[in-house]
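Morning, everyone. Let me put the structure up and walk you through it.

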Amino acid sequence: MFRKVLAVYLAVAVFVIGFVQSAGAAFIPSEVTMNSKIEDIQKVQKFLEIKIVSQRLKDFGYSEKEIMDRLSSLDEQTLHSLALKIDELKVGGDVGLAIVLALVIIALVILIINLTGHRVVVK
Amino acid sequence: MILLVKYFSFFIVIIAFLSISACSLPKIVVLTDPLTAEEHLKLGLSYEKKGLLDEAIRHYEEASKTDARGFLLIGNLYLNQGKYEQAEENYRRAIKKNNKLADAYNNLAWLYYIKGERLDEAEELVRKAMELEKGNQDKVKIYEDTLNKIKTK
């Protein structure tokens with residue numbers, strides 16, 4: 001009796017597994033296109049995130065030593081969060097603010113020049 | 001003398017302007033992309049597997065500027081979500097950018113098979129994929145599977 005149940009169970013299991021595999025086999029998943037295993041891809045994630053963060057710090061003018069110091073103090077989770085958000089940081093403010101500031105400064109300069117007895121004209 | 005004082009004050013104003021500008025104006029920073037297209041694809045795929053889909057798409061899009069697989073992987077992501085229109089659009093973009101990307105032909109054919117429409121075109125697409133990868137038996141087997149399923153639909 002036990003053997004019969006086992007045989008039926010195995011037959012059903014083989015059929016189900018075979019069916020599931022063939023149903024999904026005609027679609028090429030991304031990891032197959034990339035010719036990589038998911039585990040391998042997830043292993044390089046940290047390395048790539050370090051590359052992103054160090055390049056941004058370099059772009060913002062940090063020295064190699066400063067970059068190394070900062071990176072060595074980051075744990076994996078912080079590094080991951082930083083890599084995700086780093087392009088959203090506005091280190092020097094945005095363009096709109098820069099334009100407004102420049103206009104205010106130019107207006108002030110023109111005002112001061114006029115107050116000192118000079119005239120500013122646009123030819 | 002009066003003229004000298006006027007020019008001196010003008011000079012002071014210019015110096016003050018330059019100092020203020022240097023202190024308060026934001027810097028313009030040129031950002032460099034440190035990753036290759038292949039690296040963007042790998043990072044995107046890693047994020048996709050962790051459920052970070054927006055970040056994954058951002059990296060696939062970055063890769064797609066030079067590598068058609070970027071569009072293919074976006075298509076796959078949308079297909080897995082059941083967003084067939086976006087998937088189709090991206091498979092077509094992948095084929096347009098690289099007409100030798102066999103997986104894009106196969107997956108577009110698979111999409112039509114799932115939707116049960118344009119089956120004649122799906123058959124042509126998968127035959128094209130088989131022709132492109134005729135030296136790769138593993139891939140051809142999968143493409144044949146797609147073809148058989150389309151034929152029996």
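I will go from chain A to the domains of chain B, then to some helices and residues. Keep in mind that this is a predicted model.

Chain A first. It has 6 helices and 0 strands. Read from the N terminus, its elements go α-α-α-α-α-α. How much of chain A is buried? Of its 123 residues, 11% count as buried.

Stay in chain A for one residue, E31(A). It sits in helix α2 of chain A. Is E31(A) buried, exposed or in between? It is partly exposed, because 19 other C-beta atoms lie within 10 Å, and the cut-off for buried is 20 or more. Now its contacts. Setting aside neighbours within four places in sequence, E31(A) is in contact with S36(A), K37(A), I38(A) and I41(A), and with L45(B) from chain B. Take I41(A) from that list. It is 10 residues from E31(A) along the chain, and the two C-alpha atoms are 8.7 Å apart.

On to chain B. It is divided into two domains: domain 1 covers 37–94 and domain 2 covers 100–153. Their C-alpha centres are 20 Å apart. Where do they touch? On the domain 1 side, 11 residues are in contact with 7 residues of domain 2. The elements giving two or more residues to that side of domain 1 are α4 (69–80) and α5 (84–97) of chain B. By type, the residues on that side are 7 nonpolar, 2 polar and 2 charged.

Now look at α4(B) and its partner α3(B), which spans residues 53–64. The two helices pack at an angle of about 155°, and their axes are 7 Å apart. That angle is over 145, so the pair counts as roughly antiparallel. Which residues meet? From α3(B) we have L53(B), A56(B), I57(B), Y60(B), E61(B), A63(B) and S64(B). From α4(B) come R69(B), G70(B), F71(B), L73(B), I74(B) and L77(B). The contact divides into 9 nonpolar, 2 polar and 2 charged residues.

Why does L72(B) count as buried? Because it has 30 C-beta neighbours inside 10 Å. Leaving out residues up to four places away in sequence, L72(B) touches T33(A) in chain A. In chain B it touches Y91(B), A94(B), L101(B), D103(B) and A104(B). Pick out A94(B). It is 22 residues from L72(B) in sequence, yet their C-alpha atoms are 5.6 Å apart in space.

Last stop, helix α6(B), residues 102–115. It has 14 residues and reaches 20 Å from its first C-alpha to its last, close to the 20 Å expected at 1.5 Å a residue. Is α6(B) mostly covered or mostly open? Mostly covered: 12 of its 14 residues are buried. Among them are A102(B), D103(B), A104(B), W110(B) and Y113(B). What do the buried residues pack against? In chain B, they pack against α4, α5, α7 (119–132) and α8 (137–152). In chain A, they pack against α2 (30–33). You will recall that E31(A) lies in that helix. Just after α6(B), G116(B) takes a positive phi of about 70°.

That is the tour. Over to you.

Conventions: Residues are numbered from 1 along each chain as its sequence is written. Chains are lettered from A and ligands numbered from 1 in the order in which they are written. This is a predicted model: local features need pLDDT of at least 70, side-chain atom pairs count only at pLDDT 80 or more; totals for chains, interfaces and linings use all residues. Domain bounds come from an automatic or database domain assignment. Two residues are in contact if their C-beta atoms, placed from the backbone, lie within 7 Å. Helices (H or I, at least four residues) and strands (E, at least two) are DSSP runs, numbered from the N terminus. Ala, Val, Leu, Ile, Met, Phe, Trp, Tyr, Cys and Pro count as nonpolar, Asp, Glu, Lys and Arg as charged, and the others, Gly among them, as polar. The expected span of a helix is 1.5 Å times one less than its number of residues. Axes are lines fitted to C-alpha atoms, for helices over the stretch in contact, and angles run from 0 to 180 degrees between N-to-C directions. Angles under 35 degrees count as roughly parallel, over 145 as roughly antiparallel, 65 to 115 as roughly perpendicular and the rest as oblique.
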